[in-house]
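Please open the structure in your viewer and keep the selection panel at hand. The tour below moves from one selection to the next and says what is found at each stop.

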Amino acid sequence: MPTLNKIRTAILGEPRVTSGADALRPLRSALTLFFALDGFLFAGWVVRIPAIKQQTGASDGALGLALLGVSAGAVATMTLTGRLCRRFGSHPVTVAAALLMSLGIALPPLTHSPLALGLVLLVFGAAYGGLNVAMNSAAVDLVAALRRPVMPSFHAAFSVGGMLGAGLGALLAGRLSVTAHLLLLTATGLVVGAAAGRVLLAHPAPGRKGPERGAGNCATSHRRPAPVVTQTDSAGRGARERRLVTVFGLIALCTAYGEGALADWGALHLRQDLAAPAGLAALGYSVFALAMTLGRLSGTALLERLGQTRLLVAGGTTAALGMLLASLAPSVWAALAGFAITGLGLANTFPVAVGRAGELAGPGGVAAASTFGYGGMLLGPPAIGILADRFSLPLALTTVAALAAMSALVAYATRRAGAAVSAA
């Protein structure tokens, strides 16, 4: 028999052993597609806002109020989504939210008033917020099972999807009506969501025995058996976890504040304060987004080399220096370099903060940190506008640097508390 085994091995080669990472590869690919789809659909909608404004006859103020429907729907549904993930599991909720978002993106062209637009954007925003919480919760489970810090790669897929969605939208804007374009996005979303959803639903969340258990820190369970704790110890640890989730939520807020501010005010700063040509001014956010995408693509390697705390501190510090350069630079090219440095610095702080909150408190932690982060994205643009009116736009943009520096300080100050809770 040993001789026969040697002959078979010589002919067929060594039998291939499937590692845990290989077994999880389809799940990781499907989840990556959902992150990319989220960015693709949202960017595709954003580039057609001017056409929707014209169709509804909305003034600037009325359009701004209608667009708050996206934000209101997202924030309102995030906490609910955390509960749904604990009850049904993050995979089914991810699929359902992606399909709802795909259907919701077809609704704005059917409206003919700002009020109707705001109402349908509540649906779209609810699906968008739900998808972000659910897929990040699923990613936290997968990262723990892989035992590799690959969370930034999922957010890189979101960034790539957003760039593709914006680019396609720019190409189709002059060729397709807004209705045809958004219906095309709906069809794409339903096809991709159904295909990736079949894989996601066929694989239970790794490290979990049932949806009711929530998405705990699976990596912790692999390190050692859970110690016996008293009810008092458990309550104390729970309180520390909630405080730390709030801390990581604040870090996410600081990051998203900068992203929202640059999206709305970066081009105007280049055009108004530095007299950049219109085409060059439009490159400002593109440079920032490209740098952020590249930073996220290298995020796993950076996390493995630096660890979470050092990466958060280094990222916040880098973003603070970059934004000081971007806001106070005397030339366009220096400002563009500052945007790129800021993008590299902010690239991985949001994924790490949300992932860490999910490790500590499961889907509820992801929901809390995401709500903080989305609040920061909402807070950034109006805060910059108010400060710009009172002082100047360059000075207002330095608040992005201030909050980035604050995120670095918070991460450094709480480094020992986070390690203590993880070890408990």
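A crossing of two helices is called left-handed if the near helix is turned anticlockwise from the far one by less than a right angle, and right-handed if it is turned clockwise. With that in mind, select helix α12 (residues 299-306) together with helix α13 (residues 308-328) in this predicted model, and look along the place where α12 passes α13 in a right-handed crossing. The axes of α12 and α13 come within 7 Å and cross at roughly 115°. Show the side chains next, and you will find L302, L303 and L306 of α12 meeting Q308, R310 and L311 of α13; the residues of this contact of α12 with α13 divide into four nonpolar, one polar and one charged.

Now step back to the whole chain. Colouring by secondary structure brings out 17 helices and zero strands in the protein chain, and of its 424 residues 50% count as buried. Among the contacts between residues at least 6 apart in sequence, 85% join residues at least 24 apart.

For the next stop, select L31, F35, F154 and F248, which touch the most other members among the 68 residues of the largest nonpolar core. The largest share of this core, 15 residues, is supplied by helix α6 (residues 114-146). A second, separate core has 32 residues, and Y257, M292, L393 and A404 are included in it. Return then to F154 and display what surrounds it: leaving aside neighbours within four places in sequence, F154 is in contact with R28, L31, T32, F35, A139, L142 and V143.

Continue with the helices that pack against helix α15 (residues 349-390). Two packed helices are described by the angle between their axes and the distance between the axes. Select helix α7 (residues 151-172) with α15, and the pair is seen to pack at an angle of about 125°, with axes 9 Å apart; because of that angle, α7 is oblique to α15. The crossing in which α7 passes α15 is right-handed. On the α7 side the contact is made by M151, P152 and H155, and on the α15 side by F350, P351 and G355; these residues divide into four nonpolar, two polar and no charged.

The axes of α6 and α15 come within 9 Å and cross at roughly 155°, so α6 is roughly antiparallel to α15. The crossing of α6 and α15 is right-handed. Y128, V133, N136, S137 and V140 of α6 take part in the contact, and they face a list from α15 that includes V354, G355, G358 and E359. Sorted by kind, the residues of the contact of α6 with α15 divide into eight nonpolar, five polar and one charged.

Not counting residues up to four places away in sequence, A97 touches A127, G130 and L131. Draw a distance from A97 to G129 as well: they are 32 residues apart in sequence and 8.6 Å apart in space, C-alpha to C-alpha.

Which residues does C254 touch, not counting residues up to four places away in sequence? Select C254, whose place is in helix α10, and the neighbours to look for are L403 and S407. C254 is buried, with a relative accessible area of 6%. The C-alpha atoms of C254 and G373, which are 119 residues apart along the chain, are separated by 7.4 Å.

The tour ends in two loops. Select R147, which lies in the loop between α6 and α7, and note that its phi is near 60°, a positive value in a residue other than glycine. R147 counts as exposed, at 56% relative accessibility. Then select A275 in the loop between α10 (231-273) and α11 (278-297), where phi of A275 is near 55°, again a positive value in a residue other than glycine. At 64% relative accessibility, A275 counts as exposed.

Technical notes
Residues numbered from 1 in each chain as written. Predicted model: local features only at pLDDT ≥ 70, side-chain atom pairs only at ≥ 80, totals over all residues. Heavy atoms only, no water. Core = buried A, V, L, I, M, F, W, Y, C linked by side-chain atoms within 4.5 Å. Buried < 20%, exposed > 50% of the residue type's maximum accessible area, 1.4 Å probe, protein only. Helix = DSSP H or I, 4+ residues; strand = E, 2+ residues; numbered from the N terminus. Contact = heavy atoms within 4.5 Å. Axes fitted to C-alpha atoms, helices over the stretch in contact; angles between N-to-C directions. Parallel < 35°, antiparallel > 145°, perpendicular 65-115°, else oblique. Nonpolar A, V, L, I, M, F, W, Y, C, P; charged D, E, K, R; others polar.
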